[in-house]
Amino acid sequence: MQEGSVQEAHVHAPPEGFIRKYVFSLDHKVIGKQYYALALVAVFTGMILSWLMRLHMVWPNSKIPLLEMFSKNGAPGGVMTPEYYLSLLTMHGTLMVFFVLTNAPFAAFGNYFLPIQIGAEDMAFPRFNMMSFWTTFAAWVVLMLAFFIPDGPPIAGWTEYTPLSAVGKDAGPGMAWGASLWGISIAIFCVASLLGALNFIATTLDLRAKGMTLMRMPLCTWAWFVTSCIALLAFAVLFPACILLILDRHAGTSFFIPSGLVISDRLQPHAGGSPLLWQHLFWFFGHPEVYIAILPSMGIVSHILVNSMRKPLLSAKVVIYSMMSIGFLSYMVWGHHMFVSGMNPMSSLAFSFPTLTITIPATVLTLIWLGSLYGANIQTNSASLFALGFISMFVAGGVSGFFLAQPSIDIYLHATYFVVGHFHLVMGVASLFGVFAGTYFWFPKMTGRMMSETLGKLHFWITFVGAYCIFMPFHYLGLIGNVRRYQSFVDDFMAPYIGWHKFVTFAALITGAGQFLFLFNLIYSRFKGKPAPENPWNATSLEWSIPSPPPWNNFGGKHPIVYHDPYQYGVNGSKGDFVMQDSPEQVVPASGD
Amino acid sequence: MGKALAVVLVLIAVLSAYPIVMHMFVLPEDISTHGHAIDEQIHDTMLEAGLSFVAAQIVLAIFVWGFTNRKAGSPLKNFPGGAKVAVIAAFVLVGTEVLALGVMGQKAWAQVYFTPPRPDAIQIQAQAEQFAFYFRYAGPDGKFGTIHPDKIDEGNQNYFGLDPANEVEARDDIVSGELVVPVNREVQLLMHAKDVGHSFYVRELRIQQDFVPGLDLSVHFTATKIGKYEIVCTQLCGLGHYNMKAYLSVMSQEDYEKWLKEQAAQ
Amino acid sequence: MGTKQVVVVSVAMLGVATIAQAGPPAGGTVSGKVTYEGTPAKMKPIDMSKEPSCAKMYTTPQLAETVVTGAGNSLENVVVYISAGAPDDAAPSTAAVFNQKGCRYIPHVLAFQVNQELKIQNEDQTSHNIHPLPKINREWNKSQPPGTPPISEKYDKAEIFPVKCNVHPWMHGNFAVLKNSHFAVTGDGGGFSLPNLPPGKYTVTAWHESYGDQTQDVTISGSETKTVNFVFKAKPY
Amino acid sequence: MSSSIATPISSQANALHRKHAAAQVARSARRTSSSGIWVGVFAITMSFAAFTSALVVREGTTDWSHLVLPPILYVNTAFILASSATLEIARRFLRVSIEPRKAGAWVGLTLLLGVAFCFGQYRGWLDLRAQGIYLATNPNSSFFYVLTFMHALHVLAGLVALAYLAYRLSGSKKNFRWGIFANAAIYWHFMAVLWVYLLLLCRAEL
C-alpha cells in the first residue's frame, strides 16, 4: 500500500493499530462515525448557544454567572452584551448550517451507508475521504478558536453580509480576527465538502455492485448522490467568495467594499466594491445549501418509511425525479433571499416564479409519502415515528414558503420571525428529524447494538411537540412584524408579545433538555444495548445483508450481486413479507394484493 | 402509539390554526396607499397555505390512525390511482396556486417598484448609519448640499458631512432624527448608507427596503393616517442593530410646515 | 465635576510630593483664561428620540458640546497642560471617572495621566458602547449594559483622542492622556490654574477639540504666579 | 464510536480478499478515477466561473481601468501548451511503442515545462509589482493576481502528479498502472485550457 494512488485506493488492507483504525482511518464507516461525532458536538454547542440567546432575549439584563467566566468582555458581570448576543447568533447559525445540517444527514450517514448500499467495499478515494473529514475538523477547530480570542466571534450573522464583514475591526467587536477566522474556517470547509462530494459521485457512478443499476439504488443513496451534485456546485462558488472576502479584509482589495464608507468615524480606505456581489455569491451557495440539508433527510425518511410501512412507495421513480428537479431548481432561486436588497425589481419577479415552482416537486414528494401510507401496515418504532414526524414538519415548514416566495409579501415579512420560523422548521427541525430517524434505524448496524426504544419514543414526543411549540409562535410573531436578530425587544409594539417569547424560551429549554435523553441513549446503548441481529427491521437493502457491525471490508471480500429493486416489501419472500436485494429468489406478490 | 400520534397531529393542526383564525396576531393597521394589496396577498396566501397545512396534517393523522400496527394478515392496499393521482394532484393544486399567487400577487410589488414617484413627491434623504437614521430636507432652496464623507462629524451633529462653509446649498438643509411627512402627500425617500448595510422598515407603511452602501436606492410611499410610527432597521448592521430605530411622524400639512420652520430656526 | 476633583486631588498630592523632595517654597503657578474671538458655530440640538429612556430625562433639547462658550467669550472644555519642561509624573492612585448619564458623557473632556486608572460607568437604563479612537494607544471597543460593573482601563502613552458611543451617534467625548500632573480643563468662565510648578522654563499648551491647540512659553522663578491667556479664533461653520 | 467489534478476519482471508479486490480493481479502477477526475475538473471549472461572474459584476461598478498584461505571460502560455504536447508524446511511448523509460523522459520534460510556466507566472507578478501595480492597486490588478494565483496553485498540484508519474516511469520495474497517467493527462490538459481561458479573460476584461 505504500504507493498511495487513487486507483487501488478503494481496496486497502485491514486497518492495524489504534491510529489507523479510529483516527486517520481510511474506512468509510469509521469516517462516517467521525462525521457523526463532530456533528453531535456541533449540534449540542449550537443548542446551548440558542439557550443562552433565548434566555438573554427575554431577560436582557439578567445575570448568567458562568457566562462571565467564559467571556469577560462578552458578559461583564454576567450580563450578556449586545455584541456577544450577535456573536452567539453567528456561531449558532454557522455551526448548525455547516457542521450539523451539512455533516450529519449527508456526510455522516452518506459516508457510512452509500458504499454499503451500492455493494462497494469503500469509497472510490479513501484517502480523499479521510482528508475531507480531517479538513472539516480543521475548519471546525478554526471556527471554535473565535470563542477564545479576546473580542470573541464575529457579529455579522452566518450570512456575513459585506461590507460589515469585510471592513475589519471598525465594524465592531468580533469583526477583527473573529470574522477572519470565520472566513478561513468556511473556506476550509468548502474544500472539505468538495472533496467529499467528488468522492460520493465517483463512488456512486463507478463502484456499484453487479446488478445494482442506478434505478435499483435505495432512495437515500439517490438523495446522497443528488445532494453531492448540488454540493459540488454550491461549495465551488462559496469558496471563491470566501477567498475574495479574506482578501478584502487583509489585502486591502475592494471586491465587496464601496467608496466613501465612514465607519466608527474612520473613512474606509476602499473604493468601488459591490456589497450585492457578496450577497449574490453567498446565496448562490446559500439556497442550494438548504437542499443539501433537507434532501438527504428526504431520502433517509423515504428509506425508513417504506421499511416500516411494509409496502413499497407509490412510486420510487417519482421520488427520485422530484429530488432531482428540486436539486436543479435550487439553483434558480437564490435571489429570493434578496427581494428587498435593492436588486433590480424585475429580477425579483424572475426569482419568484422558480421559487414557487419548487413547491411542485416538494408537494409531489409529500403526496407520495402520504398516499403510500394509505393501506400500509405501519410499524411504530422510534425510527418510523421520526420519519412520520418529518412529513409533518416538512409540510409545516414548507407552506410558509408560499409567503416568502412572493416579493410583495416579502416586503412585509422579510427579516421577521416568520422567516426564522420557516427555515428552522423546514431546514433545521425537518432534516434533524431525518437524522434522528436514521440514527434509530441504523444504530444497530453501526454499533451492533439496539437503541432503547422507550427512551427513543420519549425523545420523539418531547422533540415533536417541543419543536412545534418553539417554531409555530415565530410565524405569528412574524405576522405582527417582530424583527429577527434583536438581542432584546426595545420596539414599543413588541411589549405585549414578550410573553410569547417567554413561552418559546421555556419550550426551547425543555425540548433541548429532551435532546440529552437522545445523547444518553446513544452512549448507553452503544455499550449496554442488547446485541443487534443482522437485519433487525426485516429490511431489504444491502446494508442489512451483512453482519452488524459490518466487517472492515463490508462484504468480507465477497461481491454482492443485486437481483431486485430496493423495496420488495409486502411480498411472499423466503424470510417473510420481504425479499432482499441480493437474494436470487423470485418475487411472489403477496396474496390479497 | 400510532393512534396517539394521530391525535397529536390533529391537535397540532387545530392549535396552530387557532391563533390565526381567532385573529390573535393581526398585522398593524395599514397607513399606506399600496399596503392593502400586500395585506390581501397575505390573507389569500394564508388561506391557501393554512388549508394545505391543516389538510396535510389531518390526512397524515387519518392514515396513521388507520394503518398503524394492523393485525397480522390484514391486506395491504394501494392508494387508488397510485402515483399518477399524487403527481397530477400536485401539479394541478400547486400549479394553480403558483399561478394564482405568482401572477395575481404582484400588484403590490408593481405599485411599489414599477410606478415612478409623482413629480411633486416630497424628496427626503434618509441616511442609515450605525446605529441611527437621520433624515435630510432640502430646505427653502430645494437643493441638497453634497455629502462629503471626510467632513462627517457626529460630535458636531454633522451626520451628512455637509460643508456649509463653502456650499450655500448645504446651509439651509434641515437634518432631523425623526422622519416627518405630511399626510396624503407622496414622499420619495432617497436612501443613503453611511457605513454598512441597513434596512428601512415601517410595519404600518408596509415598506421594507435595504440601504446598500455605494448604491443609493429610493422608495416612495404615501402615508394616509396622522400619527407616530416606529422605523426600525431589519438588516443586521452591528452591535447596536436591535436599538437602531427612529420615528415616523405623519402630520397635517400645516403642522408639517410649522415643524419645518421650527427646524430651520435652529 | 469628576475631573475637577481629580485634578485638585492630583495637584494637591503633587504639592505634597514636591514639598517632600524639594521642601518649600511650593513653587510657582501658571494661571489664566481661555477665550475666543469671532462668532462660534451655533451648537445644534441633539435629537435623542431614538433612545426614549434618555430623551425623557430632559425637558429642553440638549446641545452638542463641541464648542461650549460662557460669559465674556470664555471657552470651556479646553485642556491646558505643560507640554514641555516638566518631568513625567507617576500616575496618582485615584481613578479618573468617566460617566455616562442621560446619553451624555460627563465630563465631555476628561484629562488624566498616563497609566492612571480610568473608570467608565453607565448610569443609564440602556446599554452603552464605549469606543475610544486613539492613534498610538491600543484601541478597544466595549459595550456596557445597564447595571454592569464599571469598565477599568489604562493608557500607557500620552495622547489626546476622541471617544464615541457606537450605539448613540451623538455621544462624543475626548480623553486627554497626559504625561504629568500639571493640567486643567477649563470650565465655566474659561479660567485655569496650574500650581506647584518648580522654577524652570515651561511650554504651556491649550487644546480645544474644534480649534486645535496653541502653545506659550513661560518661565517660573520662585513662587510667583504667571498669567497666561489663550485666545482661539472661532468660525461660524 | 467505532467498528471495533468487527468480526476478526484471518490473515489468509485477507490475502484472499486482496485477490478478490485486485479483480475488482481491474474491473473498475480505470473508470473510477476517470469519472473522479472529470468531477474534479467540473468543480474547478465552477469555481473559476464564479470568479469570472464576480469579475463581470465588479466591472460594472466604477474605477475600472485597463491593465497592460506583462508580455512574459505569452511565453508562459507557450510553455504550458508545449507541455501538453510533450505529455501526449509521452502517452504515445507508453501506449503505442511500449517504452516506459522514453515515456518517463517526456513526462520529465513536461514537468520541466510546467515548472518553467510557474516561474514565468512568478516573473509576471514581479513585473507588475515593478510597475507599482499590487494586489490592492485597482480592481483589475486584484482580479489578475487572484485568478493567476489560484490557477498557479492548481498547476502546482498537477506538477506533483507529473513528478510522481516521472518517478514511477523512470527505471523502477514496478507494475505501472495506466490509470494514473490518463488522469494526470486529463488534469494537465485542463490546466492548459484553463490558462488560455484566463489569459483571454484578462486580455478582454482587465
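These entries record what I looked up in a predicted model of several chains.

**Entry 1: chain pairs.** I began with the question of which chains share the most contacts. There are 4 pairs of chains in contact, and chains A and B share the most contacts among them. I then looked up two pairs that do not touch. Chain B and chain D have no contact, and their nearest C-alpha atoms are 10 Å apart. Chain C and chain D are likewise not joined by any contact; the closest C-alpha atoms of chain C and chain D lie 24 Å apart.

**Entry 2: chains A and B.** I looked up how many residues each chain gives to this contact. Chain A contributes 92 residues and chain B contributes 90 residues. On the side of chain B that touches chain A, the elements giving two or more residues include helix H1 (2-21), helix H3 (82-104) and strand S9 (227-232) of chain B. H2(B) gives the most to that side, with 15 residues. I also noted the classes of residue on this side of chain B: 52 are nonpolar, 26 polar and 12 charged.

**Entry 3: chains A and C.** Here I found 14 residues of chain C in contact with 12 residues of chain A. Strand S10 (residues 142-144) of chain C supplies the largest share of chain C's side, 3 residues. By class, the side of chain C that touches chain A holds 4 nonpolar, 8 polar and 2 charged residues.

**Entry 4: a sheet in chain C.** I followed an open sheet of 4 strands in chain C, in the order S6-S5-S8-S11, with mixed pairing. Why does one side of S6 and of S11 lack a neighbour in the sheet? Strand S6 (104-106) and strand S11 (151-153) of chain C stand at the edges and have a single partner strand each, so one side of each has no neighbour in the sheet. From one strand to the next, the twist averages 20 degrees. I looked next at strand S8 (residues 118-122) of chain C, which runs antiparallel to S11(C) and is joined to S11(C) by 3 bridges. Opposite C:Ile120 I found C:Ile151 in S11(C).

**Entry 5: the nonpolar core.** The largest nonpolar core has 396 residues. Among the residues with the most contacts inside this core are A:Leu232, A:Ile368 and C:Val80. Helix H9 (residues 219-250) of chain A provides the largest share of the core, 24 residues. I then looked up the contacts of A:Ile368, leaving aside its neighbours within four places in sequence. The partners of A:Ile368 include A:Leu313, A:Ser315 and A:Val319, together with B:Ala83 and B:Ala86 of chain B.

Conventions: Residues numbered from 1 in each chain as written. Chains lettered and ligands numbered in written order. Predicted model: local features only at pLDDT ≥ 70, side-chain atom pairs only at ≥ 80, totals over all residues. Contact = placed C-beta atoms within 7 Å. Nonpolar A, V, L, I, M, F, W, Y, C, P; charged D, E, K, R; others polar. Pairing = 2+ DSSP bridges. Axes fitted to C-alpha atoms, helices over the stretch in contact; angles between N-to-C directions. Core = buried A, V, L, I, M, F, W, Y, C linked by C-beta atoms within 7 Å. Buried ≥ 20, exposed ≤ 12 C-beta atoms within 10 Å, placed from the backbone.
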